[in-house]
Amino acid sequence: MDMNKVSRVLKAMEEQGIHQMIVYDPMAIFFLTGRKINPGERLLALYLNVNGNHKFMINELFPQEGDLGVDVIWYNDIEDGVQILSQYVEKDKVMGIDKTWPARFLLRLQELGGGSKFVNGSMIIDYIRMVKDENEKELMRKSSQINDVVMEKLIPYVVKGLTEKELENKCRELYKEMGCEGVSFDPITAYAKGAADPHHANDTVSKGKRGDCVILDIGGIKDNYCSDMTRTVFIGEVSDRAKEIYDIVVEANMRGIAAAKPGARMCDVDAACRDYIEEKGFGKYFTHRTGHSIGLEDHEFGDVSSVNEDIIKVGQCFSVEPGIYIADEGIGVRIEDLVIITEDGCEVLNSFTKDLIVVPEE
């Protein structure tokens, strides 16, 4: 285990009166141990106790090489893993439970009296993961540098007669060529009406035509850390109306970035983007939150929304991605950058231009 990270978790547990906790989420376990285990329907539980005596419950189907830095309790498919785990917990103390731990395991532990009280302990690790250490920051930078290159290589393909799905597949190929382990999420490569639908899934029919906007919302995974960036480009020409909308979204993005600094609130960043778009008369067309935290996963705990009043801390990494979507005009524009919060503001991880790009038709 990474004892620096674990000690931060244990300190937070003590501060919140949570004597013991079960961590289940595979990505949280990877964050703490460096081991990726996807248990499927089987029990997986990293048991942490403020007094030590940590245990790691793993099914024998998932053998691990080397020392994990914690006592491992192995069990098999014919054993009651929760009953075995219950022998190690302190039944008279509060138990923190991972919000993703399947109910069938939690109910069994409750049946066995595995704690004096059961509470959601997930946000302890969520908040710790939100603030990146120096190594994580550097990995986020490198992942975003690759994303800049992929974006530059992808844009010319918007005029090659590809369907949205074919353009998505090309995007995936580019990440593979750049040495990424995969994509952070299913790339969004949407033309015109598809771009104007924030929930649009790439289809196998739509192709770009002259005057179309194209939203390219893409990200890859490099050395386990995610990138995420959106740019909107135009095929052949851009109308005055679309250019006006594009300029407004870029300005909203820049205002959000300027508001992203330590001591401000996450909702202040959202307001910086949203207020400007509303001022320009397009408020009803900005239909989603302004951003999300990112790291080992593309969407991590801590969003940039009007209801999140959490104070921004140095080391946080999140997206700033305002957009305007007008379905009946077939216009959708989104501009997204990732930022890391510094002592006096933020560092923008994406260097790819936000100047309006009109891709010449072939």
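Helices (H or I, at least four residues) and strands (E, at least two) are DSSP runs, numbered from the N terminus. The model is predicted, and local features need pLDDT of at least 70, side-chain atom pairs count only at pLDDT 80 or more, and totals for chains, interfaces and linings use all residues. Residues are numbered from 1 along each chain as its sequence is written, and side-chain values use heavy atoms, with hydrogens and water left out.

Helix H1 comprises 13 residues, 3-15, and reaches 18 Å from its first C-alpha to its last, close to the 18 Å expected at 1.5 Å a residue; the expected span is 1.5 Å times one less than the number of residues. Lys 5, Val 6, Val 9, Leu 10, Ala 12 and Met 13 of this helix are buried (under 20% relative accessible area, with exposed meaning over 50% and partly exposed in between; 1.4 Å probe, protein chains only). Seen down the axis of H1, the buried residues fall within an arc of 160°, so they line one face of the helix; the arc is that of the directions from the helix axis to the C-beta atoms. The face turned away from this buried side carries the exposed residues Asn 4, Lys 11, Glu 14 and Glu 15. Cover for the buried residues of H1 includes strands E1 (20-23) and E2 (45-49) and helices H2 (26-33) and H5 (122-130). At the start of H1, a side-chain oxygen of Asp 2 reaches to within 3.1 Å of the backbone nitrogen of Asn 4. Gly 17, with a positive phi near 70°, follows the helix.

The largest pocket has a volume of about 440 Å³. Its lining consists of 24 residues, of which Ile 188, Pro 198, Asp 217, His 299 and Arg 334 lie nearest its centre. Helix H7 (164-177) and strand E13 (291-293) each supply at least two residues of this lining, and H7 gives the most, with three. One cavity of 30 Å³ or more was counted. The largest cavity holds about 30 Å³ of space and is lined by residues including Ile 188, Pro 198 and Arg 334. Strand E8 (188-191) and helix H8 (192-195) give two or more residues to the lining of the largest cavity.

Three further residues were examined individually. Trp 101, in the loop between strand E5 (94-97) and helix H4 (103-111), is buried, with a relative accessible area of 5%. Beyond its neighbours within four places in sequence, Trp 101 is in contact (heavy atoms within 4.5 Å) with Ile 22, Tyr 24, Leu 43, Leu 44, Leu 85, Leu 106 and Leu 109. Arg 274 belongs to helix H10 (residues 266-279) and counts as buried at 16% relative accessibility. With neighbours within four places in sequence left aside, Phe 286, His 288, Arg 289 and Thr 290 are in contact with Arg 274. Ser 319, in strand E15 (residues 317-320), is buried, with a relative accessible area of 0%.

Conventions:
Polar contact = N/O pair within 3.5 Å; in protein donor to acceptor, adjacent residues only side chain to side chain. 1 Å grid on protein atoms, 1.4 Å probe; cavity = no way out; pocket = protein on both sides within 12 Å on 5 of 7 lines; lining within 4 Å. Points joined across faces, edges and corners; volume = space filled by probe spheres on them.
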